[in-house]
Amino acid sequence: MALALLYNLTDKRKLQALRFAFVKLGVRGKPVAPEEFAHPVGWLCGLDGFSPPADPAGDGFTEEMLVLCSLSGAQLDQLLNTLRRSHISIALKAIVTEDNARWSSQQLYEELRREHEAMHPPHKY
């Protein structure tokens with residue numbers, strides 16, 4: 001089943017727009033608690049072959065992040081279009097892959113943050 005992991009999303013307007021889009025597209029939304037950030041993304045998505053870590057300690061993060069698992073191309077396109085039309089911005093977004101499914105949410109966050117900063121460097125005046 002298509003699943004969206006929601007990290008640090010507290011804005012009621014964003015959550016309402018996301019929930020509306022998820023229901024329309026048949027995607028299940030799952031909030032991820034900070035104490036789960038050290039777990040493998042694949043485990044959080046319910047993928048086979050993953051288990052929670054023995055020592056789930058981690059640093060954590062407070063930025064919003066959206067991680068999409070098992071969405072079809074059409075579902076992904078429709079979800080992104082809905083977010084764009086609703087003026088909903090979540091800077092850190094990822095699709096679960098074979099590689100990043102092994103990462104913890106913390107590791108995925110750090111990689112997305114690096115990529116985001118590389119694509120959006122600070123303006124120099």
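Modeller: Happy to! Let's start with handedness: a crossing is left-handed if the near helix is turned anticlockwise from the far one by less than a right angle, and right-handed if clockwise. By that rule, helix 1 and helix 3 cross in the right-handed sense. This is a predicted model, where local features need pLDDT of at least 70, side-chain atom pairs count only at pLDDT 80 or more, and totals for chains, interfaces and linings use all residues. Residues are numbered from 1 along each chain as its sequence is written, and side-chain values use heavy atoms, leaving out hydrogens and water.

Colleague: At what angle do helix 1 and helix 3 pack, and what makes an angle count as parallel or antiparallel?

Modeller: Helix 3 covers residues 73-85, and helix 1 packs on helix 3 at about 155 degrees with the axes 10 Å apart. Angles over 145 degrees count as roughly antiparallel (under 35 is roughly parallel, 65 to 115 roughly perpendicular, the rest oblique), so helix 1 is roughly antiparallel to helix 3. The axes are lines fitted to C-alpha atoms, for helices over the stretch in contact, and angles run from 0 to 180 degrees between N-to-C directions.

Colleague: Which residues meet there?

Modeller: Contact means heavy atoms within 4.5 Å. Leu18, Ala21, Phe22 and Leu25 of helix 1 meet Gln75, Gln78, Leu79, Thr82 and Leu83 of helix 3. They divide into six nonpolar, three polar and no charged; Ala, Val, Leu, Ile, Met, Phe, Trp, Tyr, Cys and Pro count as nonpolar, Asp, Glu, Lys and Arg as charged, and the others, Gly among them, as polar.

Colleague: How do you know that strand 1 and strand 2 pair?

Modeller: Two strands pair if DSSP finds at least two bridges between them. Strand 1 and strand 2 have five and run parallel, with leucine 5 partnered by lysine 30 in strand 2. Strand 3 (residues 65-69) and strand 4, also parallel, have four.

Colleague: Why is a crossover called right-handed?

Modeller: Because, with the strands pointing away from the viewer, the path from the first strand over the helix to the second runs clockwise. Strand 1, helix 1 and strand 2 form a β-α-β unit of that right-handed kind.

Definitions and conventions. Helices (H or I, at least four residues) and strands (E, at least two) are DSSP runs, numbered from the N terminus.
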